[in-house]
Amino acid sequence: MTQTSENVTWLTQEAYNKLKDELEYLTGPARTEIAAKIAAAREEGDLRENGGYHAAKEEQGKQELRVRQLTQLLETAKVGEAPAADGAVAPGMVVTIAFDGDEDDTLTFLLASREYASSDIETYSPQSPLGSGVIGKKVGDDAEYELPNGKLASVKILKAEPYQG
């Protein structure tokens, strides 16, 4: 199967290892824990009115969804070095932009898949309108991207630095 850059997620070795460890935990010890919770709740009797049982089943569903997401992500991931600090916008960079060239109206965000997302910094996917509009641009360049209403927004790239998270 040929992969386009659209369905490939670039990860550092550290990020890949972290996600692989999470997958191993979810498919091993976490599955055993949730099965035990379900079994214990099932022993309490009537399943129709058993809140603990329904909560455990919901948790199991969320856990299995995460397992599928991680499996797919790791299957399509390409492991590479963190992006170079050359001022060019690429996945794995913290980017600061100015809307309409107004340096008082700025946004700083991490350009990465949501697997990198952290509460410390807003994250935009490289496939998002903003992400695809700025990717490949250099500090000082102007970029445009399409808003949900179909209009174009223009931004100026102020900074692009590798994420140190």
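Arginine 66 counts as buried because its relative accessibility is 18%, where buried means under 20% relative accessible area, exposed over 50% and partly exposed in between (1.4 Å probe, protein chains only). This residue sits in helix α3; helices (H or I, at least four residues) and strands (E, at least two) are DSSP runs, numbered from the N terminus. Along the chain, arginine 66 and leucine 23 are 43 residues apart, yet their C-alpha atoms are separated by 8.3 Å.

A word on the ground rules. The model is predicted, so local features need pLDDT of at least 70 and side-chain atom pairs count only at pLDDT 80 or more, while totals for chains, interfaces and linings use all residues. Residues are numbered from 1 along each chain as its sequence is written, and side-chain values use heavy atoms, with hydrogens and water left out.

How confident is the predictor overall? The mean pLDDT (the predictor's confidence in each residue, from 0 to 100) is 83 for the protein, and 85% of its residues reach 70 or more. Residues 1-5 are another story, with pLDDT below 50. Beyond near neighbours in sequence, that stretch has five contacts in the model, a contact being heavy atoms within 4.5 Å. Where pLDDT is low, the predicted coordinates should not be read in detail.

On to the overall layout. The protein has four helices and seven strands, and from the N terminus on they run β-α-α-α-β-β-β-β-α-β-β. Of the 165 residues, 33% are buried. Taking contacts with a separation of 6 or more, 51% of them link residues 24 or more positions apart. The accessible surface comes to about 10,300 Å², and 49% of this belongs to carbon and sulfur atoms; such areas come from the Shrake-Rupley method with a 1.4 Å probe, and for residues only the protein chains shown count as cover.

Next come the helix pairs. Two packed helices are described by the angle between their axes and the distance between the axes. Axes here are lines fitted to C-alpha atoms, for helices over the stretch in contact, and angles run from 0 to 180 degrees between N-to-C directions. Helix α2 (residues 29-42) and helix α3 (residues 51-76) have axes that come within 8 Å and cross at roughly 160°. That is why α2 is roughly antiparallel to α3; angles under 35 degrees count as roughly parallel, over 145 as roughly antiparallel, 65 to 115 as roughly perpendicular and the rest as oblique. The contacts between this pair involve, among others, Ile34 and Ile38 of α2 and Tyr53 and Ala56 of α3.

Helix α1 (residues 13-27) also packs against α3, at an angle of about 145° and with the axes 10 Å apart. Residues in this contact include Leu19, Leu23 and Leu26 from α1, and Arg66, Val67 and Leu70 from α3. As for α1 and α2, their axes are 3 Å apart and the angle is about 30°, which means that α1 is roughly parallel to α2. Here Glu24, Tyr25, Leu26 and Thr27 of α1 meet Pro29, Ala30, Arg31 and Glu33 of α2.

Back in α3, tyrosine 53 is a buried residue, with a relative accessible area of 12%. Setting aside residues up to four places away in sequence, tyrosine 53 touches Ile38, Ala41, Arg42 and Leu47.

Is glutamate 122 buried, partly exposed or exposed? With a relative accessible area of 42%, glutamate 122 is partly exposed. This residue is in the loop between β4 (106-111) and β5 (123-124). Leaving out residues up to four places away in sequence, glutamate 122 touches Leu107, Thr108, Phe109 and Leu110. Glutamate 122 and leucine 107 are 15 residues apart in sequence, and C-alpha to C-alpha they are 9.1 Å apart in space.
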